[in-house]
Amino acid sequence: MDSKAEQYYPTYTFKPENRDVVLLEFEEAQKIANGQTKVYGQVTNILLAVVTVLIPLFFNKEKDSSDTFTILKENALFFSSIIFIFGALILRYFVDLQKSITINARKVVTLRTMLGLDYGHIHLTLPNWRVEGATNPFTIKYFNGWLMFQSMPFWVLTIGVNAIWWLTTNNRIEYNFDFLNDGTRYIPWYFGNFIITITYLFIFRRNLNDIHETNFLNIIRLFAKIMRFRLLDNFEYVLYRAKLSVTEMNRLNVNYANLKSILIEIEDKTFYENKGISFKSLFRAFISQIKPIRERLNLLESGGSTITMQLSRTLFIPSNQNKYLRKLFEISISFWLQRQFSKQEILNLYIVSVRYDYGVMGLSKAIKHFYGNVKNKQLSLEESFVLVERLSNVTGTFRQERVDFLIEKSSKRLDHLKINDIYKTLIRKGKIKIKQ
């Protein structure tokens, strides 16, 4: 099995003698993807032609068409509603077709990688966001942008239906409606253009969201672009890799239940109760930055981030950016994560993703770095404590007073001597440095 294929789909394997079967499936998936793309283009062209022919009819003032046009204008609301509903159904058809094309394109990339076919990392003629040059299936997205070919049906239908509505209602100042016989209410004719645009936007964009993508996340990304704040582009791939790491821990039979309990106790006691953020922790973090107050109240200097906020920062926010904006986006993404995953899932994703020391990312590397063999590892309370102390240690060095403070803070029955022995061993092996 090709190693690159394993990093995307490690559970998908085939025997060498079945290579021809996989090759046939790859060819079939490629044919389907290409065929659907052609259908998409052809139907789009037909739709564009129909709208192009239909709209000028409303500008025709000749006598033969005047009667028909008068009837349309007299029944503008009914006629435009029919066109609006019909356009919405057509738009939904395009959305489903685009999703089908994307799924087959991802399948092509996956099977191609499994077969050992690779275009390399220099994409001078075949861009890596197209199926022809992609090596990562997640670079092929359901929604590619408002100015791309895939968005043409949205623009054609939105502009066309809005134009028809305007042409049949532009001589009317307002529509009269009587609500509950308590008087006449007036609705401006252009309110229909607003409804058409918002509805089509909702149908098209929302239904082209990826597995964990939401409208709220799209707003966060848009705001980040406006603020020139960098977020990782491919959230789906990042989450997929994190979920793979959780699966790998289960496959290796690693028991980290003790790590979870100590982690929550030290890092985020309200984890199961909060909604992704804790204003109390944020306030405590703020005052802990002031040295006199910190020493008087015996506080540890901290950032006030909950486990969910730390996961947001670790997975999606590159470092070395404005700390205030970073905190703002940590909070925003945490609200999104809270609605995408359960508390247990967030906890598992956090444990397998965060940094436990400089260059030591994730639980698997942490166990290997500090304790050796990973497979069938049963983390003790003391070993778990050391890992939690490492991940929350901003200096990356050993401080005895910090360790003693955290031991006293914990309600677990921790063996102080065992913990000190672990630190002595790690310091002797050069795994941990003592603060000078």
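Which residue caps the N-terminal end of helix 13? The first legend answers this for the predicted model.

**View 1. The N-terminal end of helix 13 is capped by N322.** A side-chain oxygen of N322 lies 2.9 Å from the backbone nitrogen of Y324. Helix 13 covers residues 323-340 and has 18 residues, which at 1.5 Å a residue should span 26 Å. The end C-alpha atoms of helix 13 are 25 Å apart, in agreement with that expectation. Buried residues of helix 13 include L325, F329, E330, I331 and S332. I333, S334, W336, L337 and Q338 are also among the buried residues of this helix.

**View 2. Helix 12 is largely enclosed by the rest of the structure.** This description is used because 8 of the 10 residues of helix 12 (residues 307-316) are buried. The buried positions are I307, T308, M309, Q310, L311, S312, L315 and F316.

View 3. The structure holds 22 aromatic pairs. In one of them, the ring centres of F223 and F329 are 5.7 Å apart and the planes stand at 35°, so the pair is tilted. F223 is partly exposed, at 35% relative accessibility, whereas F329 is buried, at 1%. For F316 and W336, the ring centres are 5.8 Å apart and the planes are at 70°, so the pair is edge-to-face. F316 is buried with a relative accessible area of 0%, and W336 is buried with a relative accessible area of 2%.

**View 4. Five aromatic residues are grouped in one cluster, among them F143 and W146.** The cluster also takes in F154, W155 and F204.

**View 5. R92 and D96 form a salt bridge in helix 4.** The closest N and O atoms of R92 and D96 are 3.3 Å apart. The two residues are 4 residues apart in helix 4 (residues 76-114), so about one helical turn separates them. R92 is partly exposed, with a relative accessible area of 38%. D96 is likewise partly exposed, with a relative accessible area of 40%. The search of the whole structure finds 12 salt bridges.

**View 6. E383 and K377 meet in a salt bridge through their side chains.** The N to O distance is 3.1 Å. Both E383 and K377 are buried.

**View 7. R390 and E389 meet in a salt bridge and belong to a network.** Their side chains are 3.0 Å apart, N to O. Relative accessibility is 2% for R390, so R390 counts as buried. For E389 the value is 0%, so E389 counts as buried too. Salt bridges with shared partners join R390 and E389 to D357 and R402 in one network.

**View 8. A polar contact joins the side chains of S410 and E265.** The contact distance is 2.6 Å. S410 is found in the loop between helix 17 (400-409) and helix 18 (416-428). At 9% relative accessibility, S410 falls under the 20% cut-off and therefore counts as buried.

**View 9. F398 of strand 5 is shown with I432.** Strand 5 comprises residues 397-398. The C-alpha atoms of F398 and I432 are 6.7 Å apart in space, while the residues are 34 apart in sequence. F398 counts as buried, with 10% relative accessibility.

**View 10. F191, F194, I195, I198 and L201 make a nonpolar surface patch.** The area of the patch is about 430 Å². One of these residues, I198, is found in helix 6 (residues 191-206). At 41% relative accessibility, I198 counts as partly exposed.

Terms used
Residues numbered from 1 in each chain as written. Predicted model: local features only at pLDDT ≥ 70, side-chain atom pairs only at ≥ 80, totals over all residues. Heavy atoms only, no water. Expected span 1.5 Å × (residues − 1). Buried < 20%, exposed > 50% of the residue type's maximum accessible area, 1.4 Å probe, protein only. Polar contact = N/O pair within 3.5 Å; in protein donor to acceptor, adjacent residues only side chain to side chain. Patch = residues over 30% accessible without salt bridge, like charges linked within 9 Å, V, L, I, M, F, W, Y side chains within 5 Å. Areas by Shrake-Rupley, 256 points an atom, 1.4 Å probe, with all protein chains shown as cover. Salt bridge = Lys/Arg side-chain N within 4 Å of Asp/Glu carboxyl O. Phe/Tyr/Trp six-rings, centres within 6.5 Å; stacked < 30°, edge-to-face > 60°.
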